Amino acid sequence: MSLNVIHNATCTFCGCVCDDIELHSDETRIHEAKKACVLGKAWFLNHTADHDYPDALIDGREATVDEAIEAAATFLHDAHMPLIYGLSNTTCEAQREAVSLADRLGGLLDSHTSL
Amino acid sequence: MIRITGGKIFDPANGINGQVRDLCIDGGKFVSSVIGGRTIDAAGMIIFPGGVDVHTHVAGGSINFARAMTPEDHRRTTAFIRTQSRRSGLGGMAPTTFATGYLYAGMGWTTVNEAAVPVLSARHTHEEMRDIPILDKTSCVLMANNEIFLDLLEAGEFERAKDVIAWHVWAAKAYGVKAVNPGGVAAWKWGKDAKQLTDPIEGYNSITPGTIIGRLAQIIDELGLPHPMHLHCNNLGAPGNVWTTLETMKLLEGRRAHIAHLQYHAYGGDDWDTMRSASAEVAEYFNTHTNMTTDAGAVLFGDTVTITADGPWQHLLYKLTGRKWGNLDVENETGCGIVPYTYRPSNLVNSIQWAVGLELLLLINDPWRIFLSTDHPNGACFWRYPEIIQLLMSYDFRKDCMTKLSPIARERITLPDIDREYTLYEIATITSAGPARALGLTQKGSLGIGADADVVIYEEEKDIAKMFSHPRYVLKGGEVVIEDGDIRATPEGREFIVKPSFDPEIESFLKPKFEDVYTMSFENYPVEMERLEHADIRECINGQAPSPPRTAEKEPDRADEGVEF
Amino acid sequence: MTCTLGEVKNRADFIVYWGGNPAECHPRHFTKYTLMQKSKFLPRGRKDRTMILVDIRETKSGGAADIFLQIRPGKDFEVLTILRAILKGQHVNSSIVAETGLTLEQMTDFIDRAKKARFGCMFFGMGLSMTRGKHMNSAALLTLAAELNAFTKFVAMPMRGHGNVTGADVIMRWQTGFPFGITFNRGYPRYNPGEFSTVDVLVRGDTDAALILGADPGATMPQPAIDHLARIPTIVLDPKVTHTSRLARVHITTSVAGISAPGTAYRMDEIPLPLKPALKSPYPTDEEVVRRINEAVARKPHWMPADGPMTIMQH
Amino acid sequence: MSPITLTLKERPKVPLEAETVTPDAFVTMSNEQIRSSLVYHGKRHCRLDDFFEVTGEFSDLIEMHGDLHRVKLLGKSMSRGQLKVYGSVGMHLGADMRGGRIEVTGDAGDWIGAEMSNGFIHVHGNAGGQIGAAYRGSLRGMKNGTIIVGGTAGLEVGMRMRRGTIVVGGKVRDFCGLQMKGGTIVLMSGAELRTGAWMVRGTILSLQPLPLMPTFASSGHYNPSFIDLYAQELLPHGISLPNHASAGSWSRHCGDSSIPGKGEILIWNPA
């Protein structure tokens with residue numbers, strides 16, 4: 001089977017965010033990450049498209065994403081001082097949504113930078 | 001559908017000066033008639049086309065750096081409270097994106113031109129502009145210190161240089177081209193500057209700032225871009241720089257050009273002690289050369305944060321003031337500096353700067369060619385425009401303000417001798433019709449049929465600054481966004497971009513050069529079209545030079561009885 | 001005082017890494033951005049550049065350095081302050097200098113070299129910003145870089161660790177005016193690190209629900225902070241079931257940024273780059289899940305009383 | 001005037017922002033107005049009497065009782081009267097204070113008296129950091145007034161202060177007097193590291209030995225008469241400063257030379 005090739009892919013493992021990586025992948029995993037450093041290679045090769053984890057957990061029990069989203073919204077809406085934290089290993093698009101959510105909730109917002 | 005009835009229309013684009021007419025709006029545009037829908041009773045009120053800012057800094061790496069540097073200002077400024085439908089925001093010297101939209105729209109401005117975008121951070125700038133609600137946006141990409149371009153000029157490869165510019169404009173999804181301190185910023189990266197047009201540029205043999213300016217203006221004309229070269233002249237802010245400015249203007253004869261923030265380029269004298277206003281010399285030349293437009297870059301007393309791609313000037317400010325300083329250099333393209341600053345009437349230099357901005361607005365006699373700007377946030381924050389309008393419309397108010405100046409300062413300026421007072425028609429020209437025309441935005445700055453229904457409705461009153469700060473209604477694209485001081489809607493704005501034509505082969509020329517000097521992949525450099533949510537593309541035709549700036553006809557007699565301001 | 005990495009690649013003839021170990025933590029930093037590249041201005045590449053490594057112990061990065069300055073742990077602030085004094089020709093107390101682990105000669109040599117450089121750049125890592133003195137250590141280095149501009153061109157840049165933390169910083173700045181440590185509890189953004197920063201908030205118990213994404217505080221934060229996360233309803237979005245997921249009320253599995261989720265990430269010099277996922281994930285993206293939570297909250301009553309002012313003047 | 005008393009009845013679950021609690025506000029308010037005044041429990045808009053029993057009205061004397069360590073911004077911007085707390089308080093106590101008196105029997109959080117321009121604050125227990133300091137990004141810390149802390153204090157005490165006096169009975173942590181431009185800090189039990197870092201002007205007195213920054217230069221021993229003036233001023237608060245030559249002398253250190261600054265750190269050497 002021939003592998004799918006992506007040129008100039010971007011690695012988000014470290015702050016260098018190298019954007020010259022050549023990825024060779026099939027349906028489920030990346031087999032090669034050319035030009036990536038040892039950390040980047042490990043990052044790309046260790047993730048798969050497999051369904052290794054449950055979609056969602058509520059109090060440790062498997063749940064659907066819809067149920068989990070509703071539960072999350074309820075917890076956050078009910079709180080007097082909710083916190084949104086992290087925002088490192090994710091996309092700018094998710095970060096924008098997260099800032100928007102913190103604004104809507106009237107909560108706290110913070111990233112890894114504060115550590 | 002909206003009908004606005006009984007208002008006094010000030011629409012310089014269509015030669016209407018205070019006549020009472022109804023305006024009809026449908027589908028976001030002015031139409032000849034509507035049936036049904038909302039009626040806004042504007043009887044006795046004053047109606048302007050929505051304001052257009054030809055030169056401001058509201059999005060991108062440098063203003064965002066300024067935000068980070070001024071947390072103390074965010075704490076003492078206007079806060080926009082979150083509602084169910086509207087994002088929160090903070091005003092002040094470097095407002096957040098949401099507040100930028102609210103503040104501009106809140107005083108009736110509906111279109112802005114972000115004047116300085118490095119190609120490398122164009123993607124960032126577009127993301128930020130998407131978060132500026134209500135306003136329509138254009139942006140100018142910085143090219144005059146781009147090293148690949150300069151190398152081509154050095155090698156005398158003009159046609160290829162033209163393709164390089166066109167490719168970059170499209171890659172940045174920009175609307176125009178900005179040139180900042182041509183050659184000087186490139187030299188600044190070595191801690192040097194290039195102040196005069198004939199100065200050699202560190203790192204080059206044959207080209208001078210003059211070469212870059214002339215060639216770039218020619219390229220932009222030949223590419224047929226709707227907005228001419230947007231030029232931040234060399235030697236900004238320095239005493240005696242009027243000669244550089246006049247030389248630059250002479251060099252541009254026969255070319256279109258927009259000279260940005262002219263105030264910072266109209267100083268006489270030899271040093272900081274002998275500095276004086278040279279606005280009269282500049283205005284005299286400018287008045288007789290109709291190939292150019294300009295914006296004032298006016299200064300108001302008070303706190304602000306100065307940010308410009310002119311790193312050398314910023315470092316000078318830092319040395320003069322000793323305040324905190326940020327500098328941000330972008331590879332191969334540009335650099336920028338950021339310094340919080342307070343303009344004080346007790347300071348001779350600041351007093352002269354304050355006067356020069358107003359003098360230029362008053363001495364340049366064609367309102368179609370000089371526009372209201374403060375080079376936000378450099379001269380003052382944009383939300384202080386109503387104060388400038390008051391200064392322009394009232395000689396008495398100017399005289400009051402001048403009493404704060406020292407006698408020495410009053411001797412160095414010509415403002416006390418100028419008694420011109422702007423009319424409402426002229427204000428509508430310098431805040432809307434003129435800048436829209438200079439940007440080549442034919443659908444803006446007009447209340448005529450087919451134009452975008454961006455309208456400001458003021459209740460006429462004697463306090464000019466108050467009247468212009470608090471419009472009764474603001475409509476953007478036919479939607480009421482401000483009413484009685486409240487924000488009623490926050491629609492997303494559009495982005496106007498241009499598509500100049502270029503030889504696609506230029507990419508194979510650029511790619512190896514690019515990869516030699518840049519640190520990102522060539523393929524990842526252009527901003528993807530999908531990132532722009534509401535883009536409005538204008539195709540440009542190579543070789544088809546757009547028309548030169550419009551010049552003033554005689555102002556028609558005012559049709560209404562106005563209050564005495 | 002900062003610049004993009006290309007400026008360093010093309011121009012920097014004097015490069016300092018302070019409290020960072022790029023050889024192991026940012027492996028391509030030397031080769032792609034800083035040391036090894038040749039340019040129009042530095043045609044001999046590595047030979048045209050001087051690199052100084054400052055750290056408390058010699059790491060693998062030391063092999064790439066021309067000069068290694070080993071300072072005693074926790075003395076970064078003192079060293080940087082002495083360097084500022086030397087730059088200004090001021091006296092320093094030599095008996096105390098010895099406590100830093102460096103000699104006055106070494107520090108004077110550092111300043112001489114920095115002043116003679118045509119373009120200097122200092123990169124600083126967590127060895128500087130996360131040790132005693134924290135933000136003041138970074139401030140000391142940034143101030144030194146600013147002051148060096150009286151002599152030559154000089155810039156400084158943090159070596160950001162985790163993927164897209166720079167993106168969070170940049171976006172928060174344009175949307176709220178502040179980079180981190182923010183509260184919206186009064187309906188608009190306010191900023192005070194130490195008061196609104198997460199570890200402090202959690203240790204004091206100042207929050208009653210938490211949404212964690214793109215981080216695993218359960219593995220990295222001090223125990224009292226983790227204990228509080230376990231006490232309150234915590235929601236985790238992550239591609240894996242993490243330490244934090246195990247103490248959370250809700251976990252949602254999401255796709256991996258840049259591998260199976262598209263979008264954008266900012267490089268440490270604030271240049272945004274597009275992500276090109278190679279895999280299709282069976283999980284939704286963080287973006288989608290947060291947007292749907294946001295929409296679900298929007299369907300509930302807004303918390304702010306409707307009769308309040310729309311704007312306020314802070315004081 | 002008899003005092004208004006506020007007694008905590010409901011412990012806040014998250015921080016309670018109560019800048020409404022000032023003599024300036026309460027002196028014009030009836031009991032009902034005080035009860036209904038707005039406080040912020042996290043993001044929730046609440047009435048003061050959701051959390052406190054309130055007695056009294058129309059007075060600029062306020063007494064508070066209970067563990068108020070989660071209650072922030074008490075006495076913010078107050079300019080008159082007195083606020084007395086029997087218990088502990090949270091952050092920003094007396095921030096931007098312009099006058100009047102605050103006394104706390106227990107501990108206080110960070111930022112007490114931040115950017116204050118006048119007034120008197122006495123915390124008998126321990127306090128947090130950034131006492132009398134400038135907020136992030138601001139160049140101006142406290143401009144006048146007096147802050148006395150009986151116990152220990154945290155980081156950045158007196159950061160960027162311009163004038164006024166801060167006295168700390170217990171040990172303070174790092175960066176005491178950071179970037180200070182004037183005023184006086186008195187340390188009865190010394191400090192950890194980096195005292196006086198980047199100071200421009202102003203005086204730090206320590207009764208205990210201090211580790212000094214290498215950018216401070218020793219300039220002799222003396223018994224200056226201005227110490228006697230401070231001693232007189234502080235004596236009514238139960239603080240005694242030694243200065244008699246028979247008891248010892250002060251060693252003087254100037255800095256921070258990295259600025260270069262003209263600040264001084266005086267360290268007491270008993271005879």
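These notebook entries record what I looked up in the structure.

**Entry 1, the model.** I noted that this is a predicted model, in which local features need pLDDT of at least 70, side-chain atom pairs count only at pLDDT 80 or more, and totals for chains, interfaces and linings use all residues. Residues are numbered from 1 along each chain as its sequence is written, while chains are lettered from A and ligands numbered from 1 in the order in which they are written.

I found 14 helices and 14 strands in chain C; helices (H or I, at least four residues) and strands (E, at least two) are DSSP runs, numbered from the N terminus. Of the 315 residues in chain C, 62% are buried, that is, 20 or more other C-beta atoms, placed from the backbone, lie within 10 Å of the residue's own.

I looked up the contact, to which chain C gives 95 residues and chain A gives 77 residues; two residues are in contact if their C-beta atoms, placed from the backbone, lie within 7 Å. On the chain C side, helix H14 (residues 286-298) gives the most, with 11 residues.

A:Leu57 has C:His251 as its bridge partner in E11 of chain C.

I checked its contacts: leaving out residues up to four places away in sequence, A:Ala72 touches C:Leu211, C:Ile235, C:Val250 and C:Ile293.

Notes. Two strands pair if DSSP finds at least two bridges between them. A residue is buried if 20 or more other C-beta atoms lie within 10 Å of its own, exposed if 12 or fewer, and partly exposed in between; C-beta atoms are placed from the backbone.
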